[in-house]
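Dear colleague,

Please find the structure below, handed over for your study. My notes on it follow.

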Amino acid sequence: MNVHITNIYGFIHDQNLRKKQNQFADAAHALRFKEMGIFNFDVSTDTENELSKRIDGIISSLQFNDLVFVQLPTGNGEHYDNLLIHKIKAYNTKVCILLHQTIEYEYVLNAVDLIMPTNNEVHAYLKEHNYSNVFYKKNINYEFSMISNSSNILSSDFYIKKYLIDAQDQLEESVLNEQDEDIIHIGFGLHDKDGHYSVWVGTVMQSILEHTDSRICFHILHDETLSSDNRYKLEKVAYNGSSIVEFHKIDENDFSVVKNQMSRFTIGAMFRCSLPELLPDLNRIIYLDADLFVNRDIKELWDVDVREYCLAGVVDEGVAVHNYPRILNKYPEIKKESYFNSGVLYMNLKKIREFGNLKKLVVDFLIENPEADLPDQDALNVLFHNKVLYLDGSWNQFVFMHRKDNVEKLDKAIFHYAAALLMLYSHSQIDLEYFRTICRTPWKDYEMNHQFERCFDRMNDRVYQYQNMLCLLSDSDVKHVFYGEENKKLKTLYSRIHLKDGDYRVLEHAKNLDSDILPCKDLFVLKDEKSPIIIFVNWESDDCRAIQNLEELGFKNGKDFFVVARFFSVNDGGFM
């Protein structure tokens, strides 16, 4: 790790500022810090692109995980200073500000790891505004207020060096101090190939911070798909809530051998498997998916005693509804009623390390079990099925269940948008509150219009489905075929369509029960069907392969077959 310090050059109107920065830089040189020279100039003469390139040149010696002392103000204005800090932090650096004058850069002062005041005026300003990352809070050797009438607290080369060394020691201390009981650690996996996934992580963070007084350390496990702009916005969410955010870059190639199995999901879900080894000084962490809305104090979960368990989680509500996963057929010792959802996991990292290397365990499991259709979740269920503390269902409540049972009252819970979309027309408080929370994040300008457009698109799609469907249904000779087991959705559809003799259901392998309304046939019979048919399909049938199976047989979505969830209302189990 290299240590850097900035220093200003050129014509500086404020000669005291120049002398002060030069004095600190000289002391840093003796400590073998590397200098980043900053020239004072009229920044208004640069375009945004020119200014960005200029700063890139200044920080060209920077490497990931370096430590940087930035002397502020630079004399080039707030925009320049903000951009400088933002670009430096993109390298996952530790940043300390040597603050020589009071500045009202709210984002910057909250975003950096440490602020070092160098005079009484700055010391008093920082104390008055209650900044939590100020050096003097943890170091009693520098009682600035004891220096009477001095604007230059640190005037000797010896004490400047000591100041820098002590700050460096503090910056190199891990934030993952298990003894610091005031900090709750929360992890996210983030793979953002289209640049639109970060907003969901940011919204979960925002909802957490709005429902707790505790200080949070967010651990963002990401790959190269995280853009600097989205990183900046994630930082802003954390710092506005007076919390911490740590970025941990994951090599996606570590999971390349199972990438095909993760095709239906984000590879970022696998990143959580790196947590025990990635954070060796941390004994526990709460891992959360990005499609959550937290409507309760996360500290209540943090206070749960998990010392005797590897994981704490909630039984998966979706298993009862969608009749998966098929991994249960291979591991009968895991009961359907104890299969947990991995969207909210309280992980005892210490206990997991005793069990083995989690990343290797999960990857090996998936190689040995290619049929696992919920890959990482299946692996965790099999590996830890008798080492799980089961939490109350309110800690992971599926949104579609909440909409069905209670569309007006918002419970004290963590809501999970599993297999569900935000719908502004659902009349459910969860959707309204979730949308309002998005609008309080740094992504609000884009997301407000984007969500409205998505909702209109889904309503238009619903109308389109009905238009095409009615053409077929008006044919008196058309035969109705239903793809799936007779769950509540299909039975509701039966009641709305006039069933006729000859109507039937299909599955890859026919299953018939005495209580069934329609007989079930093997899927392949569709290839020999001579009569005109219309197919209604439950997308989750045959382990979620139903749509793919029909398309492989040559049937077209929205023309020959119709996905029930696309034209059903949300209260009937539809997507919209």
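Five strands make up an open sheet in the order S2-S1-S3-S4-S5, with parallel pairing; strands are DSSP runs of E with at least two residues, helices are runs of H or I with at least four, and both are numbered from the N terminus. Two strands count as paired if DSSP finds at least two bridges between them. Strands S2 (34-39) and S5 (114-117) each have a single partner strand, so one side of each is left without a neighbour in the sheet. From one strand to the next, the twist averages 25° (axes are lines fitted to C-alpha atoms, for helices over the stretch in contact, and angles between N-to-C directions run from 0 to 180 degrees).

This is a predicted model, in which local features need pLDDT of at least 70 and side-chain atom pairs pLDDT 80 or more, while totals for chains, interfaces and linings use all residues. Residues are numbered from 1 along each chain as its sequence is written, and side-chain values use heavy atoms, without hydrogens and water.

Strand S1 (residues 3-9) runs parallel to S2 and is joined to it by 6 bridges. Helix H1 (residues 15-30) lies across S1, S2, S3 (67-72) and S4 (94-99), at about 150° to S1.

Another open sheet has 3 strands, ordered S10-S15-S14, with mixed pairing. Its edge strands, S10 (292-294) and S14 (397-398), each pair on one side only. S14 and S15 (residues 414-416) run parallel, joined by 2 bridges, and glutamine 397 stands opposite phenylalanine 415 in S15.

Yours sincerely

Conventions: Contact means heavy atoms within 4.5 Å.
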